[in-house]
Amino acid sequence: TEFNPRRFAAVIMRIREPRATALIFASGKMCVTGTKSTHNAVLASKKFALIIEKVGFNPAQELDFKVQNIVGTADVGFP
């Protein structure tokens, strides 16, 4: 977990399984990145919400999860 408000205005949290990173802002918004599938993104968001709850905050019972961006990569064979 990282938080340096001079550098970036969000808490950066990482979990290993599924491998994901969350940006958690003071507004309560959470951005989950780094997963390989939408299923893993939903699972990671639930895990992040559980961690936030254990720390003492009260996250929403039903997460309004929406996929906004998908990026693909390919090797085109250039040396």
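# Briefing on a predicted model: strands, core and pockets

Strand 2 is mostly covered, since 5 of its 6 residues are buried, where buried means under 20% relative accessible area, exposed over 50%, and partly exposed in between, with a 1.4 Å probe and protein chains only. This is a predicted model, in which local features need pLDDT of at least 70 and side-chain atom pairs count only at pLDDT 80 or more, while totals for chains, interfaces and linings use all residues. Residues are numbered from 1 along each chain as its sequence is written, and side-chain values use heavy atoms, with hydrogens and water left out. Helices (H or I, at least four residues) and strands (E, at least two) are DSSP runs, numbered from the N terminus.

**Strands and hairpins**

- Strand 1 and strand 2 run antiparallel and are joined by 6 bridges, two strands being paired if DSSP finds at least two bridges between them.
- A hairpin with 4 residues connects strand 1 to strand 2, and Val11 has Ile24 of strand 2 as its bridge partner.
- Strand 2 also pairs with strand 3 in the antiparallel sense, over 4 bridges; here Ala22 stands opposite Val32, and Ile24 has Met30 as its bridge partner.
- Strand 2 and strand 3 form a hairpin with 4 residues between them, and Gly28 in that turn has a positive phi of about 100°.

**The nonpolar core**

- The largest nonpolar core holds 9 residues, namely Met13, Ile15, Ala20, Ala22, Ile24, Val32, Ala44, Phe48 and Ile52; such a core is a set of buried Ala, Val, Leu, Ile, Met, Phe, Trp, Tyr and Cys residues joined through side-chain atoms within 4.5 Å.
- Strand 1, strand 2 and helix 1 are the elements that give two or more residues to this core.
- Met13 touches Thr1, Ala20, Thr21, Ala22, Ile24, Phe48 and Ile51, when residues up to four places away in sequence are not counted, a contact being heavy atoms within 4.5 Å.

**Individual residues**

- Thr21 lies in strand 2 and is buried, with a relative accessible area of 19%; leaving aside neighbours within four places in sequence, its contacts include Met13, Cys31 and Phe48.
- Ser45 belongs to helix 1 and counts as buried at 2% relative accessibility; beyond its neighbours within four places in sequence, Ser45 is in contact with Met30, Val32, Leu63 and Phe65.
- Arg7, in the segment before strand 1, is exposed, with a relative accessible area of 70%.

- The largest pocket has a volume of about 1200 Å³, and of the 36 residues that line it, the closest to its centre are Lys29, Met30, Cys31, Val32 and Phe65.
- On a 1 Å grid over the protein atoms alone, a pocket is an open set of points where a 1.4 Å probe fits, with protein on both sides within 12 Å along at least five of seven lines, and lining residues have an atom within 4 Å of a point.
- Grid points are joined across faces, edges and corners, and a volume is the space filled by probe spheres set on the points.
- Helix 1 (38–55) is among the elements that supply at least two residues of the lining of the largest pocket, and helix 1 gives the most, with 7 residues.
- The second largest pocket holds about 190 Å³ of space, and Ser45, Leu63 and Phe65 are among the residues that line it.
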